[in-house]
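Subject: Structure for your files

Hello,

Here is the structure I said I would send. Please open it alongside this message; my notes come after it.

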Amino acid sequence: MSERIFNFSAGPAALPEPVIRQAQKDLWDIDSSGIGILEHSHRGKVFDKITHETEADCRTVGGISDEYSVFWMQGGATSQCYFVPANFLPSDRTADYFETGKWAQDSIKDCPHYGACHVCASSRDTNFNAIPTPEQTNYSDNPVYVHFTANNTIMGTEFHAEPTAPKGAFLVSDMSSNIFSRPLDVSKYGLIYAGAQKNLGPSGTTLLIGRRDLIENPVRDLPQMMKFSNHAKKEGRFNTPNTFGVYLMGQVFKWILAEGGLKAMQERNDEVAGVLYSFLDSQDFYIPHAQHASRSNMNITFKCPTPELDKAFLVGAGSRGLDGLKGHRSIGGMRASMYNAFPKAGAKALVEFMKTFAHEHAAAAKA
Ligand SMILES: Cc1ncc(COP(=O)(O)O)c(C=O)c1O
């Protein structure tokens, strides 16, 4: 069998080893049922138990009260770009959006199908290398909600605290790439959604945590699959869900709890990201993209002095078992994605390679 290598992919991304090992067993036979997880009915007893445990463990991990529904949907975080305004935004009202990168822009594009969209702050002018400050934020008069992308996967920037929504408005956050990477106060939010494929499991499942009073009644008549209320009422089983995705997310929650919960995740992530950031801060060969105060603990973006060196870097890294480092085409360079499950040894191996590469190419870069 081939060895596993360090996977810096932005998503689908590295998962915790104990979770993968457990899944290997459960694919064949789960809970001594004589049937593997992929083959169980979503309405049967075994999957009932999985659904209830996954929800309960999610509540424990996130400290989520009964005021909130926890459920799953399909269609990725991208579908939430329209589910959110469809359910929450009346046609004569405004919602405020932070424009902090491509994923935020996707949400901004879909909002006007339903109501008015006001961009309350943007870092577009600097190719999204920063999170706007409160002083740079101008809310509209009476928004229904304020939407922000908690971690900008492509740019490598992260909100280190949630924005304060104006009175009467609630917060909606796309937490696809940093959910449960640090302690979270869910009570500050109206709705949180997260595609699973970074910190929570495989692609194809989206976790939703929504205040019950907000999701109960959509503001307009909607097709049945578009109503949050239908998915919430049926425990994410309004239609056939991605059963494996929900199962695996449950295993990830168990792993987070066994590791010590969100505080332990934060310590781990601070350490792992710290390996790379302290190296980047100590040198002048590589050029980081994100401004210091806005940088992400999950996705670290940087460039070599020239695009040719970026190409050579990626080839060299690949040959040393450091995979998935190519940056998104909109900013180029490199991106090291290191979510909860990513091992510190991988960050150290990357820094070792970066040192060697910089040493070998410093003269070429200056020429
Ligand atoms: C922050 C963020 N939002 C949304 C998406 C889109 O997710 P999906 O492809 O699951 O729709 C991504 C994908 O990487 C993301 O990182």
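This is a predicted model: local features need pLDDT of at least 70, side-chain atom pairs count only at pLDDT 80 or more; totals for chains, interfaces and linings use all residues.

The whole chain

The chain holds 10 helices and 14 strands. Its radius of gyration is 21 Å, close to the 21 Å that the globule rule gives for 367 residues, so the chain is as compact as a globular protein of that length. Along the principal axes, the C-alpha atoms occupy a box of roughly 65 × 60 × 30 Å. Of the 367 residues, 46% are buried. If you take the contacts between residues at least 6 apart in sequence, 68% of them link residues at least 24 apart.

Helices H1 and H7

Two packed helices are described by the angle between their axes and the distance between the axes. For H1 (residues 17–28) and H7 (residues 243–259), the axes come within 9 Å and cross at roughly 140°. An angle over 145 degrees would count as roughly antiparallel; H1 and H7 are therefore oblique to each other. Their crossing is right-handed. H1 contributes Pro18, Val19, Gln22 and Ala23 to the contact, and H7 contributes Leu248, Gln251, Val252 and Trp255. Sorted by class, the contact of H1 with H7 has six nonpolar residues, two polar ones and no charged ones.

Helices H3 and H4

H3 (residues 76–88) packs against H4 (residues 102–110) at an angle of about 40°, and the axes are 8 Å apart. That angle makes H3 oblique to H4. H3 also passes H4 in a right-handed crossing. On the H3 side the contact is made by Thr78, Cys81, Tyr82 and Pro85, and on the H4 side by Asp106, Ser107 and Asp110. The contact of H3 with H4 has three nonpolar, two polar and two charged residues.

Cys111

Where does Cys111 lie? Cys111 is in the loop between H4 and strand E4 (116–122). Is Cys111 buried or exposed? It has 23 C-beta neighbours inside 10 Å, and a residue needs 20 or more to be called buried, so Cys111 counts as buried. Setting aside neighbours within four places in sequence, Cys111 is in contact with Pro85, Leu89, Ala95, Tyr97 and Cys117. Pro85 is also one of the H3 residues in the contact with H4. Cys111 and Ser123 are 12 residues apart in sequence, and their C-alpha atoms are 19 Å apart in space.

Regards

Notes: Residues are numbered from 1 along each chain as its sequence is written. Axes are lines fitted to C-alpha atoms, for helices over the stretch in contact, and angles run from 0 to 180 degrees between N-to-C directions. Helices (H or I, at least four residues) and strands (E, at least two) are DSSP runs, numbered from the N terminus. Angles under 35 degrees count as roughly parallel, over 145 as roughly antiparallel, 65 to 115 as roughly perpendicular and the rest as oblique. A crossing is left-handed if the near helix is turned anticlockwise from the far one by less than a right angle, and right-handed if clockwise. Two residues are in contact if their C-beta atoms, placed from the backbone, lie within 7 Å. Ala, Val, Leu, Ile, Met, Phe, Trp, Tyr, Cys and Pro count as nonpolar, Asp, Glu, Lys and Arg as charged, and the others, Gly among them, as polar. The radius of gyration is taken over C-alpha atoms; the globule rule is 2.2 Å times the number of residues to the power 0.38. A residue is buried if 20 or more other C-beta atoms lie within 10 Å of its own, exposed if 12 or fewer, and partly exposed in between; C-beta atoms are placed from the backbone.
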